[in-house]
Amino acid sequence: MPNVTDDVRSAVLVDFGGVITSSVLRAFTEFGASLGGDPRLPLELLSRDQPSRALLADHECGRIDTEAFERGFAERLRAHGADVSAEGLTARMQAGISIDQDMLALLGDLRAAGHPVALVSNSFGTGTYDGVELAAVADVIVISGEVGIRKPSRRIYALACERLGVDPGKAVMIDDLRQNLDGAARIGIGGVLHTSAADTRRQLAERFGIGA
């Protein structure tokens, strides 16, 4: 029997980039290295540069389209010394990302065991979800650009729980970013900081009684 230390939960919310896929942060760093300067530049701008942060927020919430984000972010990269064109920028940034088949298997096992799953993802660029049949991964799909809300807003997690028909206190969020788990925790959702499919499977079972 699992050693359950937190409340027993029944439903799972799951991030896409960095959970169902390989690390987005690593892919962005690899892209930064390809520009010939500081490999950390793209991530530094997206996390610390206010114009870049505003572009990302507007794009993730669907207020600007991919092309507008690419034009704006290419300008910010060029302003910091990177020689980069706007066309296809988001695709190049995500070129190093691959699908984690072990996570797909885990989500399939969870659903087969009767645990409803909601995908809760901040959208980015085009082609992000290519190669994955989302309806085969999750019972409910909540993508920030489609609903106009992005993580870590508590409203996007509440919407996912509402669509699943579960109380937030009975749900667990799997994400690779701590701030997104902190947002979910504000409405009582448990959190699993994802590092690997095996560790996430273990945490779900041992901490929340969610076995697959």
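Helix α2 (residues 41–48) packs against helix α3 (residues 50–60) at an angle of about 80°, and their axes lie 6 Å apart. That angle makes α2 roughly perpendicular to α3. The model is predicted: local features need pLDDT of at least 70, side-chain atom pairs count only at pLDDT 80 or more, and totals for chains, interfaces and linings use all residues. Residues are numbered from 1 along each chain as its sequence is written, and side-chain values use heavy atoms, with hydrogens and water left out.

**Conventions for helices**

- Helices (H or I, at least four residues) and strands (E, at least two) are DSSP runs, numbered from the N terminus.
- Axes are lines fitted to C-alpha atoms, for helices over the stretch in contact, and angles run from 0 to 180 degrees between N-to-C directions.
- Angles under 35 degrees count as roughly parallel, over 145 as roughly antiparallel, 65 to 115 as roughly perpendicular and the rest as oblique.

**Overall form of the chain**

- The protein chain contains 11 helices and 5 strands.
- Its radius of gyration, taken over C-alpha atoms, is 18 Å, close to the 17 Å that the globule rule gives for 212 residues, so the chain is as compact as a globular protein of that length. The globule rule is 2.2 Å times the number of residues to the power 0.38.
- The C-alpha trace spans about 55 × 30 × 30 Å along its principal axes.
- Of the 212 residues, 46% count as buried, that is, under 20% relative accessible area with a 1.4 Å probe and protein chains only.
- The chain exposes about 9,800 Å², of which carbon and sulfur atoms supply 48%; the area comes from the Shrake-Rupley method with a 1.4 Å probe.
- Among contacts (heavy atoms within 4.5 Å) between residues at least 6 apart in sequence, 61% join residues at least 24 apart.

**Helix α3 and its partners**

- On the α2 side, Leu45, Leu46, Ser47 and Arg48 meet Gln50, Ser52, Arg53 and Leu56 of α3.
- The residues of this contact of α2 with α3 divide into 3 nonpolar, 3 polar and 2 charged. Here Ala, Val, Leu, Ile, Met, Phe, Trp, Tyr, Cys and Pro count as nonpolar, Asp, Glu, Lys and Arg as charged, and the others, Gly among them, as polar.
- The axes of α3 and helix α4 (residues 66–79) come within 10 Å and cross at roughly 170°, which means that α3 is roughly antiparallel to α4.
- In that pair, Pro51, Ser52, Leu55, Leu56 and His59 of α3 meet Thr66, Ala68, Phe69, Gly72, Phe73 and Arg76 of α4. The residues of this contact divide into 6 nonpolar, 4 polar and 1 charged.

- Leucine 56 lies in helix α3 and counts as buried at 14% relative accessibility.
- Leaving aside residues up to four places away in sequence, leucine 56 touches Leu46, Phe69, Phe124 and Arg150.
- The C-alpha atoms of leucine 56 and glutamate 70, 14 residues apart along the chain, are separated by 9.8 Å.
- Glutamate 60 is also found in helix α3 and counts as buried at 9% relative accessibility.
- With residues up to four places away in sequence not counted, glutamate 60 touches Asn122, Ser123, Ser144, Gly145 and Arg150.

**Helices α6 and α11**

- The axes of helix α6 (residues 101–112) and helix α11 (residues 197–208) come within 9 Å and cross at roughly 25°; the two helices are therefore roughly parallel to each other.
- Asp102, Met103, Ala105, Leu106, Asp109 and Leu110 in α6 meet Ala197, Thr200, Arg201 and Leu204 in α11. The residues of this contact divide into 6 nonpolar, 1 polar and 3 charged.

Technical notes. Buried means under 20% relative accessible area, exposed over 50%, partly exposed in between (1.4 Å probe, protein chains only).
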